[in-house]
Amino acid sequence: MVVVLHGDGGPGARSDHYRFAETATRTIPKSAAVALLRPGYGDAAGNQSPGQAGLGFGDDYTQERIEAVAQSIGVLRRRFASARLILVGDSGGAAIAADIAGIRPELIDAMVLVGCPCALPEWRKAMHKQQPGAAWASPVASLDPLKTAGGVMPGLRAAVLVGADDRITPPPLSRAYAEALALRGIATDLRIVPGRGHDLLNDPEVLAATVRLASALSTKG
């Protein structure tokens, strides 16, 4: 089972996670994929998830919103109890995926993080320099994945991917999180994809990383 979480962009950008879910299902044998809408988000087809979305300044990864996503994953986990579950997160969805791995580790067997703002305070400081304004400088209640990494189970497998030219969530943010996992003995595949920016989810490298994890979980039995 592959569960995909979209980033913080507008409805048009959220077609990306639907496309990735469809491709994953076609590519991974005996798999199913679900593309979730995060709380308060809608898509171009008019679907709307209940709840309140953040304002897009790193304020969207709160305990309440993370728990809402975790509850949906829990429903899938119970319905498909024999399946191994890979959680794929894109951008802001990657931050939520990482936080779920840290605070609800029983829900997932592997995760793929794509363009993750995984060192939250550092990311917000960098964005404040790019887009000066009070919103980026104001305190938020979001959970920092680097701080929740201590709860990630040692048996989890992870792939962390980022574009080498990503100016939204630059490679050092992903590298810091991957190193935190590796220090805990967690099998972590960090890939910095040459020539790519922030729009990375449907890159072949991400699909290949997901396929590798699915194969490893299948072999694990």
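User: Which residues form one aromatic cluster?

Analyst: Phe57, Trp123 and Trp136 form it. Keep in mind that this is a predicted model. By the pairing rule, the count comes to two aromatic pairs.

User: Why is the pair of Phe57 and Trp136 called edge-to-face?

Analyst: Check the centres, then the planes. The ring centres of Phe57 and Trp136 are 5.2 Å apart, and the limit for a pair is within 6.5 Å. Their planes stand at 80 degrees.

User: What parts does the pair of Phe57 and Trp136 tie together?

Analyst: Phe57 lies in the loop between strand E2 and helix H2, and Trp136 lies in helix H5. These parts are 79 residues apart in sequence.

User: Are Phe57 and Trp136 buried or partly exposed?

Analyst: Buried means under 20% relative accessible area. Trp136 has 6%, so Trp136 is buried. Phe57 has 27% relative accessibility, so Phe57 counts as partly exposed.

User: Why is the pair of Trp123 and Trp136 edge-to-face?

Analyst: The ring centres of Trp123 and Trp136 are 5.3 Å apart, and the planes are at 85 degrees. The cut-off is over 60, so this pair is edge-to-face. Trp123 sits in helix H4 and Trp136 in helix H5, 13 residues apart.

User: What makes Trp123 count as buried?

Analyst: Its relative accessibility is 5%. Buried means under 20%, so Trp123 counts as buried.

User: Now the charged side chains. How many salt bridges does a search of the whole structure find?

Analyst: The search finds 10. One of them joins Arg38 and Asp60, at 2.8 Å from N to O. A salt bridge needs a nitrogen and an oxygen within 4 Å, so Arg38 and Asp60 qualify. Arg38 and Asp60 both lie in the loop between E2 and H2, 22 residues apart in sequence. Both Arg38 and Asp60 are buried.

User: Which residues do shared partners join into one network?

Analyst: Start with Arg77 and Asp109. Their closest N and O atoms are 3.1 Å apart, in a salt bridge. Arg77 is in helix H2, and Asp109 is in the loop between helix H3 and strand E4. The network itself joins Asp8, Arg38, Asp60 and Arg65. Within it, Arg65 forms a salt bridge with Asp60 at 3.1 Å.

User: How do you know that Asp109 is buried?

Analyst: Asp109 has a relative accessible area of 17%. The limit is under 20%, so Asp109 is buried.

Note on methods:
Residues numbered from 1 in each chain as written. Predicted model: local features only at pLDDT ≥ 70, side-chain atom pairs only at ≥ 80, totals over all residues. Heavy atoms only, no water. Phe/Tyr/Trp six-rings, centres within 6.5 Å; stacked < 30°, edge-to-face > 60°. Helix = DSSP H or I, 4+ residues; strand = E, 2+ residues; numbered from the N terminus. Buried < 20%, exposed > 50% of the residue type's maximum accessible area, 1.4 Å probe, protein only.
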